Amino acid sequence: MIQRLSHTTVYVLDQDAAKDFYANILGFEVRMDAKMDNGFRWLTVSPKGQPDLQVILMQVDGPNIQPEAAATIRGLLEQGRLNGGVLQTGDCRKTYEELKAKGVEFASPPTDRFYGVEAIMKDNSGNWYSLTEPKGA
């Protein structure tokens, strides 16, 4: 029986830049940062307060990805076609202003929705996220 999701992958164009963005801009914590013998870098981050979920920041041009697949993923990132998921916040409008002041790109400002308040943001690789304050939070 599956008990929980422990890791999920987000493809990034540059792991060092992604580490800086997620840790220093979004405030995530770096959980693991290690290189394997074949040059593969295992880099994971988590939102503070959620250590049981690790986001793998996977280098698009890494040793475990075929060049054709890497080119496809890179193209999707550059077009802003990949969704990293939903980032939950207790105050979407405040978080939006804080992140915008740090240079985070937003596709849409906070907007009232039936499920809460949502803004659409992008990371520095082109992945987009729903920044959501759930209704009643």
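Buried means under 20% relative accessible area, exposed over 50%, partly exposed in between, with a 1.4 Å probe and protein chains only. Helices (H or I, at least four residues) and strands (E, at least two) are DSSP runs, numbered from the N terminus. This is a predicted model: local features need pLDDT of at least 70, side-chain atom pairs count only at pLDDT 80 or more, and totals for chains, interfaces and linings use all residues. Residues are numbered from 1 along each chain as its sequence is written, and side-chain values use heavy atoms, with hydrogens and water left out.

Start with α1. Which of its residues are buried? Q15, A18, F21, Y22 and I25. They lie on the same side of α1, because they cover an arc of only 150° around the axis, taken from the directions from the helix axis to the C-beta atoms. D16 and N24, on the other side, are exposed.

What do the buried residues of α1 pack against? β1, β3, β4, α3, β7 and β8, with contact meaning heavy atoms within 4.5 Å.

Now the ends. D14 caps the N-terminal end: one of its side-chain oxygens is 3.0 Å from the backbone nitrogen of D16. Just after α1, G27 has a positive phi of about 85°.

Next, the core. A nonpolar core is a set of buried Ala, Val, Leu, Ile, Met, Phe, Trp, Tyr and Cys residues joined through side-chain atoms within 4.5 Å. The largest has 23 residues, and Y22 and L26 are among those with the most contacts inside it. Its largest share, 4 residues, comes from α1. A second, separate core of 8 residues includes M58 and I73.

Note on methods: Polar contact = N/O pair within 3.5 Å; in protein donor to acceptor, adjacent residues only side chain to side chain.
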